[in-house]
Amino acid sequence: MLNSNIEKFITSDGSIGLYNKELDEIYHDRNGAIKESFDKFIEPCLKLDFKSLKILDICYGIGYNTKSALKYFKNIEFIDCIEIDKNLVTMSYQIPFDDDINKIIENNLKNPTIINFYLDDVRKIINNLDKKYDIIFHDGFAPMKQPELWSENIITLIIDKLDKNGLYVTYNHSKPVLNALAKTGLTLGYTIKNNRKIGTIASFNSNLIENKLDNFELACLKTKSAITFKDKTLNLSKDEILKNRENEVNNSTLESLSHLLKRMKKWKRF
């Protein structure tokens, strides 16, 4: 059962999406919840030849990324799913999708075989995972809504779980998140659909990234706009993280993004 802060709506591809009234944020693209999952999380990984897939799905929600992975990847060893809202996970197999896949979700909630569910804050779980993953999906709310999911500190711990030839995939391409990812040593790139950037893909193996960030985009990560969210103790509140970053930005001597744009206006963004 959904709590009173969450409402269902029908997206353009006929699949169910959710809206969080408390955060004033949608869980899914109104143009299609299932389509969004495929475009932003599944398709970017289809070109790679993984012999046996180990997947980490952060912010499982109602499971579209995990369900789509089960549909399109035939060589999955296991999927570890992290979700703080137990109600969403419990109802996820009731959301219309492939019936056989929904049955797999239901069965694995009761008796984990291919899917393991971790029902808590990712900040409490991530250090207890002693595995390396071939693919990591990161699908939390936007950083200004839930900065605790995107701090430099939690991203460092998440990327520590990525295999050297693995892929990290997210819809997010905000500068603070890109900067946090860059600090881990990843090569960063964009997922592209119809000549439009729709997400971020990253790997320690630069050969796996087709559309890499260009020099201008990398330069942007050295400006105030890319100052990361900080959560060193992994228990700060949303308001504390946002306020601390605001203070850091205000006191920073880094170049502003607007100044960089003026200084390098001859550069054209991809």
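These legends describe close-up views of a predicted model.

**View 1. The largest nonpolar core and Tyr168.** The largest nonpolar core has 67 residues, of which Ile55, Phe73 and Tyr168 touch the most other members. Leaving aside residues up to four places away in sequence, Tyr168 touches Ile136, His138, Trp150, Ile158 and Ile159, and also Leu162, Leu181, Thr200, Ile201 and Ala202. Another core lies apart from the largest one and has five residues, including Ala219, Cys220, Leu260 and Met264.

**View 2. Helix α7 and what covers it.** Helix α7 spans residues 175–182 and is mostly covered, with six of its eight residues buried. The buried residues of α7 are Pro176, Val177, Leu178, Asn179, Ala180 and Leu181. Among the elements that cover these buried residues are the helices α6 (152–159) and α9 (238–251). The strands β8 (162–170), β9 (187–193) and β10 (196–203) also contribute to the cover.

**View 3. Strand β6 beside strand β5.** In a regular strand, side chains alternate between the two faces of the sheet. Strand β5 (residues 76–82) pairs with β6 in the parallel sense, over four bridges. Asp80 has Asn116 of β6 as its bridge partner.

**View 4. The second largest pocket.** This pocket holds about 310 Å³ of space. It is lined by 16 residues, and those closest to its centre are Glu43, Pro44, Lys47, Glu210 and Asn211. The elements α1 (33–46), β9 and β10 each give two or more residues to the lining. Sorted by class, the lining has nine nonpolar, three polar and four charged residues.

**View 5. Two loop residues with positive phi.** Cys59 is not a glycine, yet has a positive phi of about 70 degrees. Cys59 lies in the loop between β4 (53–58) and α2 (64–72). Its relative accessibility is 16%, so Cys59 counts as buried, the cut-off for buried being under 20%. Asn194 is likewise not a glycine and has a positive phi, of about 55 degrees. The loop that holds Asn194 runs between β9 and β10. Asn194 counts as exposed because its relative accessibility is 71%, and exposed means over 50%.

Conventions:
Residues numbered from 1 in each chain as written. Predicted model: local features only at pLDDT ≥ 70, side-chain atom pairs only at ≥ 80, totals over all residues. Heavy atoms only, no water. Core = buried A, V, L, I, M, F, W, Y, C linked by side-chain atoms within 4.5 Å. Buried < 20%, exposed > 50% of the residue type's maximum accessible area, 1.4 Å probe, protein only. Contact = heavy atoms within 4.5 Å. Pairing = 2+ DSSP bridges. 1 Å grid on protein atoms, 1.4 Å probe; cavity = no way out; pocket = protein on both sides within 12 Å on 5 of 7 lines; lining within 4 Å. Points joined across faces, edges and corners; volume = space filled by probe spheres on them. Nonpolar A, V, L, I, M, F, W, Y, C, P; charged D, E, K, R; others polar.
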